[in-house]
Amino acid sequence: MTFSALHRALGVEPGPLTDKLLDAAVSNGVAETTDLDWKSELPPPKGLQHTDFPKDIAAMANSGGGVIVYGVRESQKAATERVDVGELDEVSERALRSAAITAVAPPVFGLNVHRLGDDGDNRAVVVEVPASIDGPHLIYKNDYFGAPVRNDADTVWMKERQIEAMYRARFDERRHAAEALHNLFDEAASGRKSDERAWLIAVARPRVPRFHERLAREDARNVLTNAEKLALFYAGRGGVHPLENVDRLNPRPGLRRWVAVNTATGERSEWKEAWASLHHDGSATLAAAVGGHRTSGDSYSEGSQVQSTTIECCIADLMALVRATAHATGNDEYDVQVGIVWTGGEPLTILTTDNHGLPYDGVSTPLHRYTPVTTTVNAAASDLDYYWYVHDLAQDCVNQGGISNVHMIRPPEQ
């Protein structure tokens, strides 16, 4: 579901960008605005970086995002008729996405390209440009650069003071996003018995939250169920998955979120306690007891000892939760923070396994404090690219404890 300039101009509810919606916009003579630009022709794929396409993308991104519609003729800025722009094949679509990345600095990620119309009859292409917190986006030509921006229906060049103000806004937004992520982490970590056993806290927040309709309970249930299956694809069996120890089928309402409560109760199960939440802005959190896990029979490790495979399972679960949540809420780029909270007296130790599959601490580095690991991921990336996000985050998390490699998260052969 999306709410674009076309939806707003026609006064309709959020929904897909369809051929019918575009016909209605043309019939009503909808005029260009800051976030809506009519174009009668597609730019040629060859030499795309030298056309106006990068400038149009940068201008829209600098103005809060919007849509560029190829296949509509306009007069005095108002749509008058549809024209056929021809076929947009996969190569041409990749060229559009590539130009938004290579011909604009900083790159504009997350373009959505929609093909509308029947073959040979009023084919149109709608390019959705997402809002960005990385402005100003610049266009370079030889030794010169400029920052385009939309001024109602026109594209103009920013003045020096406008560029200065946008840089200031970028830094302020980054600081705000970092604070919001830290606050989310602190909230997820609060109330955990971290003096008895170590807890892994993992949180993710959209860089630019897209506020649509709140997830219904059924939607939250589907997200949790899909995430659990995806996590097993990333890491497989052989470790403790937090998502298998929460109530995925009956999420409970919380403050602007759904909460999957812990189901690992009782003396024999409390060592794998876990909690998960899905926030209405697309954020996701995971809190799992990772210290003092059962090793065999009635034997348990110390509360300060954490198996590296347990960390991998937690990362797989968190990243699967992000992927599933992003798909359900229409978000893409996420800031992620992962940490291990331990307030006991002994140093934290991350254990690997020996050749016999038994816990081994011979290469571990005792940690008096686990430094939270932060990264940014594109939840809308291809399956293989996203798998590498999962792998690299898990590796960063275990490396801190002296463990060289991950053992469970192995990307498929290309």
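Let's start with a hairpin: strands E3 and E4 form one, with 2 residues between them. In its turn, Gln 76 has a positive phi of about 55°. Helices (H or I, at least four residues) and strands (E, at least two) are DSSP runs, numbered from the N terminus.

A word on the source. This is a predicted model, where local features need pLDDT of at least 70, side-chain atom pairs count only at pLDDT 80 or more, and totals for chains, interfaces and linings use all residues. Residues are numbered from 1 along each chain as its sequence is written, and side-chain values use heavy atoms, with hydrogens and water left out.

E3 covers residues 72-75 and E4 covers residues 78-82. They pair in the antiparallel sense over 4 bridges; pairing takes at least two DSSP bridges between two strands. Val 72 stands opposite Arg 82 in E4.

Next, two single residues. Is His 7 buried or exposed? His 7 is buried, at 2% relative accessible area. Buried means under 20%, exposed over 50%, and partly exposed in between, with a 1.4 Å probe and protein chains only. His 7 sits in helix H1, residues 5-10. Beyond four places in sequence, His 7 touches several residues, including Val 12, Pro 14 and Leu 21. Contact means heavy atoms within 4.5 Å.

Thr 33 lies in the loop between helix H2 (19-27) and strand E1 (36-39). Thr 33 counts as partly exposed, at 23% relative accessibility. Its side chain makes a polar contact with the side chain of Asp 35, at 2.8 Å. A polar contact is a pair of N or O atoms within 3.5 Å; within protein, one must be able to donate a hydrogen and the other to accept it, and residues adjacent in sequence count only if both atoms are side-chain atoms. Leaving aside neighbours within four places in sequence, Thr 33 is in contact with Arg 8, Arg 150, Asp 152 and Ala 153.

Now the sheet. An open sheet of 7 strands runs in the order E12-E13-E14-E15-E11-E19-E22, with antiparallel pairing. Which are the edge strands? They are E12 (252-254) and E22 (373-378), each pairing on one side only.

Inside that order, E13 (residues 257-260) and E14 (residues 274-279) pair in the antiparallel sense over 4 bridges. Arg 257 stands opposite His 279 in E14. Helix H5 (residues 160-189) packs on the sheet, and E11 and E19 are among the strands that H5 touches.

Conventions
Axes are lines fitted to C-alpha atoms, for helices over the stretch in contact, and angles run from 0 to 180 degrees between N-to-C directions.
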